[in-house]
Amino acid sequence: MTRLDDQTLTETGLAPEGRGRVLLIGCGALAREILDLKAANGWDHLDLHCLPAILHNHPEKIPTAVEEAVTARRGDYGQVFVLYADCGTGGLLQAACARLGVEMLDGPHCYSFFEGNAAFAAREEMTAFYLTDFLVRQFDAFVTKPLGLDRHPQLRDMYFGNYTTLVYQAQTDDPELTAKARACAAFLGLAFERRFTGYGDLEGALRQV
């Protein structure tokens, strides 16, 4: 198996191994969680192909990238399942999946299905900024540098002035990640809250596959 490196998952993604009956096409930000679930449950019929996680910052590119991946690889598998929620595509990813005849995850984004879509919707949080394990590890690549906060820290209030809390949705119990997430909240001038979500609805979706 290809060694998981966050920078590679961010910029390149993860190629499938070419083994298994079902191909999962997902975001590189979910690779560790998907492979952990696969290994823990012995789901050897699943093969994983992850697109670059940095598409998270360019959601308009996700539908085309997913469609190209499905078209290129579906002939090698009996089934394809797309491990993306809407992820800011405004329904375009769902339309692409419907056109291709493949299923995808329910929910508006990964923050929702990690917490559980029903629980997330019930909170109706409008002023929370969310991070997952992957996004805590890759905070600079996804937040600090793209927003120019490393060069122009005065922009912080312009970007985050309407937020009140950074919510760290923890998939694992890792004190170092929790400390880093807390530091991210301090850097953004936000209150900090940690919620242990585990895999949320992601595990249930994979069980159905």
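In helix H10 of this predicted model, the buried residues are Leu177, Thr178, Ala181, Cys184, Ala185 and Leu188. Viewed along the axis of H10, these buried residues fall within an arc of 115°, so they line one face of the helix. The opposite side of H10 carries the exposed residues Pro175, Glu176 and Ala186. The cover over the buried residues of H10 includes strand E5, helices H7 and H8, helix H9 (156–160), strand E6 (165–170) and strand E7 (191–196). The helix itself runs over residues 175–188, and its 14 residues should span 20 Å at 1.5 Å a residue; the end C-alpha atoms are 20 Å apart, which agrees.

Buried in H3 are Ile62, Pro63, Ala65, Val66, Ala69 and Val70. Down the axis of H3 these buried residues fall within an arc of 165°, so they line one face of the helix. Glu68, Thr71 and Ala72 are exposed on the other side of H3. Among the elements that cover the buried residues of H3 are strand E1 (22–27), strand E2 (46–51), strand E3 and helix H4 (92–100).

Leaving aside neighbours within four places in sequence, Glu67 is in contact with Ala96, Arg99 and Leu100. The C-alpha atoms of Glu67 and Arg99 are separated by 9.4 Å, although the two residues are 32 residues apart along the chain.

The second residue, His49, lies in strand E2 and counts as buried because its relative accessibility is 11%. Not counting residues up to four places away in sequence, His49 touches Leu14, Ala15, Pro16, Leu23, Leu24, Ile25, Gly26, Ala69 and Arg73. The C-alpha atoms of His49 and Cys27, which are 22 residues apart along the chain, are separated by 8.5 Å.

The largest pocket holds about 390 Å³ of space. Of the 16 residues that line the largest pocket, His56, Tyr111, Phe129, Phe160 and Tyr163 are the closest to its centre. Strand E5 (128–131) and helix H8 (139–144) are the elements that give two or more residues to this lining, and E5 supplies the largest share, four residues. By class, the lining of the largest pocket has 13 nonpolar, two polar and one charged residues.

The second largest pocket holds about 280 Å³ of space. Its lining consists of 13 residues, of which Phe81, Met104, Asp106, Ala205 and Gln208 lie nearest its centre. Strand E3 (79–83), strand E4 (103–104) and helix H11 (201–208) each give two or more residues to the lining of the second largest pocket. The largest share, four residues, comes from H11. By class, this lining divides into six nonpolar, four polar and three charged residues.

Thr132 is placed in the loop between E5 and helix H7 (133–137). At 3% relative accessibility, Thr132 counts as buried. Beyond residues up to four places away in sequence, Thr132 touches Cys110, Tyr111, Phe114, Tyr168, Gln169 and Gln171. One of these contacts, Tyr111, is also among the residues closest to the centre of the largest pocket.

The other two loop residues have positive phi values. Cys87 has a positive phi of about 55° although it is not a glycine. Cys87 is found in the loop between E3 and H4 and is partly exposed, with a relative accessible area of 22%. Glu124, likewise a residue other than glycine, has a positive phi near 50°. Glu124 lies in the loop between helix H6 (117–123) and E5. With a relative accessible area of 65%, Glu124 is exposed.

Note on methods. Residues are numbered from 1 along each chain as its sequence is written. This is a predicted model: local features need pLDDT of at least 70, side-chain atom pairs count only at pLDDT 80 or more; totals for chains, interfaces and linings use all residues. Side-chain values use heavy atoms; hydrogens and water are left out. On a 1 Å grid over the protein atoms alone, a cavity is a set of points where a 1.4 Å probe fits but cannot get out, and a pocket is an open set with protein on both sides within 12 Å along at least five of seven lines; lining residues have an atom within 4 Å of a point. Grid points are joined across faces, edges and corners, and a volume is the space filled by probe spheres set on the points. Ala, Val, Leu, Ile, Met, Phe, Trp, Tyr, Cys and Pro count as nonpolar, Asp, Glu, Lys and Arg as charged, and the others, Gly among them, as polar. Buried means under 20% relative accessible area, exposed over 50%, partly exposed in between (1.4 Å probe, protein chains only). The arc is that of the directions from the helix axis to the C-beta atoms. Contact means heavy atoms within 4.5 Å. The expected span of a helix is 1.5 Å times one less than its number of residues.
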